[in-house]
Amino acid sequence: MSRTAYVTDLKTLQGECTANYLRLTRLLGELDAGEIREVELLRGGRRLGALCIEVLEQAPYTTIARVSQQGVLDQMIETPRMRVHLYHDVRMAEVTDFQRQRHFHGRYRYPNARMHQPDEKLQLNRFLGEWLEYGLAHGHSVDLPELP
């Protein structure tokens with residue numbers, strides 16, 4: 001049985017990046033370069049860690065942020081960390097670096113040396129969306145009285 005090649009779904013990828021832009025701008029608020037927003041992640045009264053969003057660079061049309069998680073498992077496993085570019089002119093946010101791997105392609109042949117999935121770029125942006133959505137739904141900002 002032959003497998004059909006994966007075709008990048010640009011509409012879905014753009015939709016995910018647009019939704020992530022909205023989520024990130026809600027969480028970031030008015031942060032400037034060098035500032036960090038820490039959102040405690042809670043579930044059932046238990047602290048699960050913190051979602052940290054740091055503004056690395058800021059320009060009129062773009063912002064580069066680092067999104068990471070800190071928590072009780074930091075000593076045992078490498079916690080998620082990604083770099084996200086926010087494009088203000090088109091209102092999109094795209095993952096450009098994940099766990100020190102950069103420049104993801106729209107599709108990959110599978111199998112490959114790095115074991116990326118054929119739709120790795122879409123999956124990373126979906127993961128960011130789920131992560132940010134959890135922070136918005138169950139998080140408590142340490143430096144703000146309430147998330148916007």
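Two strands pair if DSSP finds at least two bridges between them. By that rule, β4 and β5 pair in the antiparallel sense, over six bridges. This is a predicted model.

- β1 and β2 pair in the antiparallel sense over eight bridges.
- In that pair, R43 stands opposite R46 in β2.
- β2 pairs with β3 in the antiparallel sense, again over eight bridges.
- Here I53 stands opposite V67 in β3.
- β3 and β4 are antiparallel partners too, joined over seven bridges.
- A65 stands opposite V84 in β4.
- β4 and β5 are antiparallel, with six bridges.
- Across from Y87 stands M92 in β5.

**The hairpins**

- The hairpin of β1 and β2 has two residues between the strands. G44, in its turn, has a positive phi of about 60°.
- Three residues join β2 to β3 in a hairpin.
- The hairpin of β4 and β5 has four residues between its strands. There R91 takes a positive phi near 55°.

**The nonpolar core**

- The largest nonpolar core has 22 residues.
- L24, L51, I53, V67, V84, L86 and L128 have the most contacts inside this core.
- Two helices, α1 (10–28) and α2 (120–138), each supply at least two core residues.
- The largest share is from α2, with five residues.

- Which residues of β4 make up its covered face, and which its uncovered one? The covered face holds M82, V84 and L86. The uncovered face holds R81, R83, H85 and Y87.
- V84 is on the covered face, and V84 is also among the residues with the most contacts inside the core.
- Leaving aside neighbours within four places in sequence, V84 is in contact with L24, T63, I64, A65, V67, A93, E94, V95 and L128.

**E94 in β5**

- E94 lies in strand β5.
- Is E94 buried or exposed? Buried means under 20% relative accessible area. E94 has 19%, so E94 counts as buried.
- The E94 side chain makes a polar contact with the side chain of K121, at 2.8 Å.
- Not counting residues up to four places away in sequence, E94 touches C17, R83, V84, H85, Y87, K121 and N125.

**H85 in β4**

- H85 is found in strand β4, on the uncovered face.
- Which side chain makes a polar contact with the side chain of H85? That of T96 does, at 3.4 Å.
- Setting aside neighbours within four places in sequence, H85 is in contact with T63, I64, M92, A93, E94 and T96.
- H85 and D97 are 12 residues apart along the chain. Their C-alpha atoms are separated by 9.3 Å.

Definitions and conventions: Residues numbered from 1 in each chain as written. Predicted model: local features only at pLDDT ≥ 70, side-chain atom pairs only at ≥ 80, totals over all residues. Heavy atoms only, no water. Core = buried A, V, L, I, M, F, W, Y, C linked by side-chain atoms within 4.5 Å. Buried < 20%, exposed > 50% of the residue type's maximum accessible area, 1.4 Å probe, protein only. Contact = heavy atoms within 4.5 Å. Polar contact = N/O pair within 3.5 Å; in protein donor to acceptor, adjacent residues only side chain to side chain.
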